[in-house]
Every structure is written in C-alpha cells, then in structure tokens.
Number of protein chains: 2
Amino acid sequence: MKNLRERDESPRKVPTHEITYCRLRDMILFGQLAPGQPVTIQGLTTMLDAGMTPVREAIRKLTAEGALELQGNRRVSVPQLTASQLDEIAFARLTIEPKLAHMAAKRLETKDINELAQIDADIDQAIAAGDVQRYLLGNYRFHVTLYERADAPILLSMVHSLWLRFGPSLRVVCGRYGTSNLPDRHGEALAAMRAGDAEALSRALKEDIEQGIDQVRLSLAA
Amino acid sequence: MKNLRERDESPRKVPTHEITYCRLRDMILFGQLAPGQPVTIQGLTTMLDAGMTPVREAIRKLTAEGALELQGNRRVSVPQLTASQLDEIAFARLTIEPKLAHMAAKRLETKDINELAQIDADIDQAIAAGDVQRYLLGNYRFHVTLYERADAPILLSMVHSLWLRFGPSLRVVCGRYGTSNLPDRHGEALAAMRAGDAEALSRALKEDIEQGIDQVRLSLAA
DNA sequence: GTCAACCAAATTTGATCAAATTATTCACGC
DNA sequence: GCGTGAATAATTTGATCAAATTTGGTTGAC
C-alpha cells in the first residue's frame, strides 16, 4: 500500500537531482546544448525548473563524466573536441566497445536480437526521413542495449562517458551534412548476432564506430 | 592589490567543494575508507569539516567516477570488487595504460625520467621499510607522473577513474600481506625510458599492472 | 505479527555572502 | 568637441550554509 501514490502533484520516487541529471544529460547528448555554447548555473535552474542544489549536483556528475567543462570561472559549456581528443576517444571506443559486443554475443537471447532489430528498423526509417534527432536516439539505444547484455558495469560506464564526449560532435555533423553517409553497419551486426558469431559481431561494431568517427574527423578538419 | 589577502581566516582561492573532493578522494585511494564500510553524508560533513553542499557535490563526483556507490537507500560506501569487475578493470587498465606509456615515451625529457627515478627510489625504500601508505602513494605517483606526459587528458581521466576503483582493493591486499610480492617492474620501465624504447616501456608497464592485478585476484579468491 | 508513531538521515529550498562581469561615467588626449 | 580608455558602481552569478520538508527505517504497543 505504501507504494501507491494517489497525489498527482508529487509522485516522487526518484530524487530531483536524478531527474535533473538525466534531463541535462539528454540535452547534451541529443541536442539543445551545442559544443562551446556557455551556460550559467542559474540559467539551468530556470531551464530545468529545479533548485540550485540539484542542478549543481547534476553538473558535478556530468563534469566528472566529461560531458561538461568548467570554463574559466563563471560558466560551464559542452567541450569542443580537438583532433587529438578525438583520437583518444577513437582509441578507447575501438578498444572497449567491440570487447563489450564480444562479451554480449554469448548472452544474447532471441528476444534481445528482436529488440535490436526493431531499433535498427527505426534507425533506417529515421535516416530515410532525414530525422537527425531520431537517428541519434536510435543509434544510441542500439549500442547501449547491446552493451548492456555484456553484464559489465564498469566498462559500460566508461562507454557511457565516451558517448557523452562524442555525442555532441556527432550531432553537429548530422546537423551539417544530414543523415546520409552515416554509419549503418547494424545489418551486419544483426546477422552476426543471429549466427552467434562473436568475432564477426565485434568486427561489425568496430567498423561502425570507425565510420562514425571518420565522419566527425572530416567535419572537424573543415 | 585586490589579489592580496591579509585575513588569516579566509585565504580562499580554491572552493571548498574542490578541497573536499580531493580530501575524500585521497581517503578512498590511500586508506581510511575500507571497501564495504558504509558512511553517511552527515558523518562526512563532520569528518571533513565542511558544509553539506560541498560534501554532497564531492560525493556526486566520486560516484560518477566509480569511487563510491550509493548503497541501497541511505548510505554510500566504497564498492567491494567482484571477480568479474576485477576482470573488467584488468582489461581496461592493460589496454589504456600501456598505450599512455607508449605515447609518453616520445615526449619524456631527462628531467622527467630523473623525477620518476626519484619516485621509484622512494618506493623501494617504502617496500624495504614495509611502509604500505608510502608504497601506495609512490606507486600512484609513478604511474600518474608518467601518464601525464602523454598529454592525453581523456585517457588520463579514464585511468584516474580506474585507479579509484582499483586502489582500495590494492590497499587491502597490502594491509593483509605486506609490501613483499608487490609489483616492481619500475626498474625495467626506467631503463626503457632512458633507451627511448616505447615498445619496451609499454611492455614493462603491462607486466607491472598484470602483477598488481594478479595479487588482488589471489586475495579476492580467499 | 502487524500497524502506527517516532527518529534519524537525506533532500531540497531560500537566504546570505563573495566574486566577477558588465555598464556607466569621468577624464584625458587627439 | 568627440572618442577612447580606465576606474568605479551596480547587477548578475556562484558558493555556502542553515532550516524546513520528506523519506525510510526502527521500535514499541496492541
């Protein structure tokens, strides 16, 4: 009985700072906050409709994850990647993500593969429609859903942090060049999953990641 | 003139939450907080002699880095590693740290190598004297000092997080079995640095890390 | 054994103080 | 006389704290 909550006003179960963190993170990953654009803490309190402490805590967490940086003294912003930082991310992603895919391969059940196929279908639709937002969200979900099956929380959190650093730049690329030329090795990946071929799966992921990073690298040079 | 601060009471330059974060982090890395031991936020406010907000922010940051975990509901604690989590850390460390060593190799100057030799000498003294605290601090400084020369902030922050996860367990091992049997491939590493051999350096680091992890793995089985 | 009241701890808000940025004004030079 | 630059004042923002609210756990009574 104590779990039932009748009041519409406060169906609180998760703390505000958690909600604030998620909302701010999604803003960084999928859009509204462009790299370099400076934001004040108080601006975020009104933007996210939360008190000062929860916003503050969300910022600390995201700063630790590399999704935000404390710019000089007074403002925070989404970091703008340099070429050498992109190389670091490339190395880390190409090492860890194929490993997670490999680990996940053995544990994947038919249900999981169907779910991933569903997500992939949605991605194809988004690409065809030129819907950047939906492509980014689908791509993120595809990778994370797969990696979660590896049951490796530490590596997963590292990947999570890498996506927070990489996501904003990918978004900029999509916004500039549209959804064509974007990585779509998901078909190969799904085939490897169905065949239970861990090696092939991790190879497909590696190529998918390389393609995405090359895209950003090109855009960075310009 | 405005930068001069006469008042003894408040020589504030770095914010409290920064200081609190560092102090708490060092407590986790080098000692006082054992894995599994639950701590309350209020306990930390008195222990660290800081207000509630700074402590809260430090906890958020350390939680994001994996140094603390929100235990069920109500308390935080230093996570206790499972065997599979140790495998994850082993994979990540053995991938990233040799890479950083390799990157650093080309940039090392004589001054840096001398500094590292100095640290290594201090480690040897600590091992001979059985001084666990000093060994841990020296070992940490040796690795971090080397990696910093790679000029790769993202990979460095990932390593930083891995050490925060690994450190407490290493400490437990030292406390239980003393400072013998501990990794000391630093001599080989220094030789490789002097020879300018990046491959040999990264190999030495790899062996040093493997040795340390095996030590913890053994202790975990018991 | 279950329910309710109480207690302790976490969360959150609002207030206060300090610091920094911006705007305005005054002075000096061209 | 007009424009530029520096200095100071004002407003905005950040950091910290203390108090109030909420939540979860525990204990005692029925």
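How many residues does the contact take from chain A and from chain B? The contact takes 25 from chain A and 25 from chain B, where contact means heavy atoms within 4.5 Å.

This is a predicted model, in which local features need pLDDT of at least 70, side-chain atom pairs count only at pLDDT 80 or more, and totals for chains, interfaces and linings use all residues. Residues are numbered from 1 along each chain as its sequence is written, chains are lettered from A and ligands numbered from 1 in the order in which they are written, and side-chain values use heavy atoms, with hydrogens and water left out.

**Stop 1: chain A against chain B**

Select both chains. Between them, chain A and chain B bury about 2,400 Å², with 72% of it on carbon and sulfur atoms. Buried area is the accessible area (1.4 Å probe) that two parts lose on being put together, summed over both. Next pick Glu88(A), Phe91(A) and Ile154(A), which supply 27% of the area that chain A buries against chain B, more than any other three residues.

**Stop 2**

Four salt bridges are found across the interface of chain A and chain B; a salt bridge is a side-chain nitrogen of Lys or Arg within 4 Å of a carboxyl oxygen of Asp or Glu. To see a salt bridge, show Glu57(A) and Arg56(B), whose closest N and O atoms are 2.7 Å apart.

**Stop 3: the helices of chain A**

Now select helix 3 (52-64), helix 4 (83-105) and helix 7 (153-177) of chain A, the elements that give two or more residues to the side of chain A that touches chain B. Helices (H or I, at least four residues) and strands (E, at least two) are DSSP runs, numbered from the N terminus. Helix 4 of chain A gives the most to that side, with eight residues.

**Stop 4: the two domains of chain A**

Colour domain 1 (16-77) and domain 2 (83-221) of chain A separately; domain bounds come from an automatic or database domain assignment. The C-alpha centres of domain 1 and domain 2 of chain A lie 25 Å apart. Their contact takes 11 residues from domain 1 of chain A and 13 residues from domain 2 of chain A.

Domain 1 and domain 2 of chain A bury about 1,100 Å² between them, 68% of it on carbon and sulfur atoms. Select Leu29(A), Phe30(A) and Glu65(A): these supply 56% of the area that domain 1 of chain A buries against domain 2 of chain A, more than any other three residues. Zero salt bridges are found across this domain interface. Finish on helix 1 (residues 16-30) of chain A, which gives five residues, the largest share, to the side of domain 1 of chain A that touches domain 2 of chain A.
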